[in-house]
Amino acid sequence: MASGETPCCPARPYVGIDGVTLYHPHNMDDSGEVPQTESAIDRLERLRSESAGHRVVSIPLLKGSGHLVVDHLLVQEIFKSQDFVRPPFFRKAFGDGLLLSDGERWAHSRKVIQPELSPTAVRSMQDVIDDCIKELQTDWSRASEEDRSVPLVEDIASCVLRITVRVLFGVDLGARDPRALSVVRLTAASNELAGLGVFDPRAMVGGRLINALQKERTDVESLAAELIASRRDAPDAGACPVDLLDHLLDPAFIEAPVADGGCPVGHKGLIEEMVLLLLASVETTTASTSNTLQLLADHPACTERLRADLPDGTWVQACFRESLRLRPPVWFNGRVALERFELSSGDTIESGDHVYVCPYLIHRDPLLWEEPDRFLPERFIDGVVREGASFMPFGLGRHYCVGSGLATAISTSLVSSILANHDVSIEVSSDHEPGGGFLLGPSLGSRARITPTSRPG
Ligand code: HEM
């Protein structure tokens, strides 16, 4: 596949991704098409078999072409190049902020946000993380004693939202704030809409999707506005900045003329930044935690080793990374070419063409990974260090995830605390939220049964 001899696949119907069927079951209902029932994994497996043997698969779009780049070295060429930017569609639909921007606006946000999520900053957040997890643990222990199942995704999402808001914006929302679900639903709806824009700009955006976006967006925006108001009303408002919210409220951030047309970021830009940070954090980290729990539930020997390894934590880190390999929460990423670009394979990307990257395919490439479909956390302990495009759950290049350290701390802490004394068995719900879109994780309705382990840690 990576030999360089395989020619670019000639234009043909997109290898199973025909723009809508990949991940828009709900939207298709609205537009009168046959609803599709494939799970996210099934769709990805179909994509995998249909793209096997190709380094690049190209398809004609309404305007220009789209190219699914399968080979990891070619992916690296694209993500390291300045000639590719994020598709403007995302920004138009969801506003501006670090997660979706490029250029001056992006650099402005990255400069302020990245230091607040540095390894040192994340280490200082561990007490808050542990504190929030303790309440979840107590709830789940009670459910276990009463032989009740728990709403897995809802509970984890609430805990992740609570941690994110506390560490970034300094406010404790308490356990089970219902707005965690708004964040998760907004991410799911945003993903659906983004997918429509990326794959098929002609696709109809159904009423259900618009309604979901508007409702959930209003909820999440009002949460951001509430956080800003409470900080501005605080008696020590304007004193020395202590967290990210203080830095975002600083005139140096808000008044900088880096928004579209040289406008200042302003209050609207601030709200968009905060909403996008919540979107970036909550559903991804919920998915990575749930996926790791699910894979460990299927591999009891790995769970035993995790308990034996506590509190060292090396094994849980390896399990987490292996789960990100097998089930990368962000399984899809896209860019647009600013200039004509020739890949080292000889394939040409014209200016304005879209490029798609699927970490799920790269993470299961047999040329890169031995026994790619097996859950083998030891490959992250015994094996060579995996960097670059062969392992890219957190992206690659200048847009590399700023929250990777926080996500790792939250997920590994949650998994270790829950599994220390309990087994988790997950009942994945067949509803499609939020397992569709660009995120891979158990759907919102999934539940878990928690039972005391026979060998407490
Ligand atoms: C397991 C959890 C997570 C995964 C899998 C994940 C994945 C990613 C990926 C793949 C990108 C690159 C996007 C691109 O190339 O366009 C990214 C960027 C980003 N992530 Fe994460 N993320 C996670 C958690 C978080 C958390 C906890 C936060 C915030 C607290 C966060 C904030 C961001 C931001 C702001 C960006 C944009 C960075 C930039 O463009 O410079 N992420 N993330």
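Let me start with E371, which counts as exposed because it has 9 C-beta neighbours inside 10 Å; by the cut-offs used here, a residue is buried if 20 or more other C-beta atoms lie within 10 Å of its own, exposed if 12 or fewer, and partly exposed in between, with C-beta atoms placed from the backbone. E371 has a positive phi of about 40° although it is not a glycine, and this residue lies in the loop between α16 (359-363) and α17. When I say helix or strand, I mean DSSP runs numbered from the N terminus, with H or I over at least four residues for helices and E over at least two for strands.

Two remarks on the source. Residues are numbered from 1 along each chain as its sequence is written. The model is predicted, so to speak of a local feature we need pLDDT of at least 70, and side-chain atom pairs count only at pLDDT 80 or more, while totals for chains, interfaces and linings use all residues.

Which other residue has a positive phi although it is not a glycine? That is D147, with a phi of about 55°, and D147 sits in the loop between α7 (126-145) and β4. D147, too, counts as exposed, because 9 C-beta neighbours lie inside 10 Å. As background, most residues other than glycine have a negative phi.

Is α8 enclosed or open to the outside? Since 16 of its 18 residues are buried, α8 is largely enclosed by the rest of the structure. Just after α8, G170 takes a positive phi of about 70°.

Now to the whole protein, which has 17 helices and 10 strands, and in which 45% of the 457 residues count as buried. Two residues are in contact if their C-beta atoms, placed from the backbone, lie within 7 Å, and among contacts between residues at least 6 apart in sequence, 73% join residues at least 24 apart.

The next topic is the interior. A nonpolar core is a set of buried Ala, Val, Leu, Ile, Met, Phe, Trp, Tyr and Cys residues joined through C-beta atoms within 7 Å. The largest such core holds 81 residues, and those that touch the most other members are A157, L161, V183, L276, L278, L279 and V282. If we leave out residues up to four places away in sequence, V282 touches A157, V160, L161, T164, A180, V183 and V184. There is also a second, separate core of 33 residues, which includes F79, W331, F332 and L440.

Let us turn to the strands, where two strands pair if DSSP finds at least two bridges between them. Strand β5 (residues 333-337) is mostly covered, with 5 of its 5 residues buried, and both of its faces are covered, with N333, R335 and A337 on one side and G334 and V336 on the other. β5 pairs in the antiparallel sense with strand β3 (residues 84-85) over 2 bridges, and V336 in β5 is the bridge partner of V85. β5 also pairs in the antiparallel sense with strand β8 (residues 354-357), over 4 bridges, where V336 stands opposite H354.

Elsewhere, strand β10 (residues 447-452) runs antiparallel to strand β4 (residues 149-150), joined to it by 2 bridges, with S149 opposite R449. β10 pairs as well with strand β9 (residues 422-427), in the antiparallel sense over 6 bridges, and here A448 is the bridge partner of I426.

Finally, which residues are closest to the ligand? Among the 23 residues that surround the ligand, the closest are A280, T284, G395, C401 and G403, where a residue counts as near if its C-beta atom, placed from the backbone, lies within 6 Å of the molecule. The elements that give two or more residues to this shell are α13 (266-297) and α17 (404-421), and α13 gives the most, with 6 residues. The shell divides into 12 nonpolar, 9 polar and 2 charged residues, where Ala, Val, Leu, Ile, Met, Phe, Trp, Tyr, Cys and Pro count as nonpolar, Asp, Glu, Lys and Arg as charged, and the others, Gly among them, as polar.
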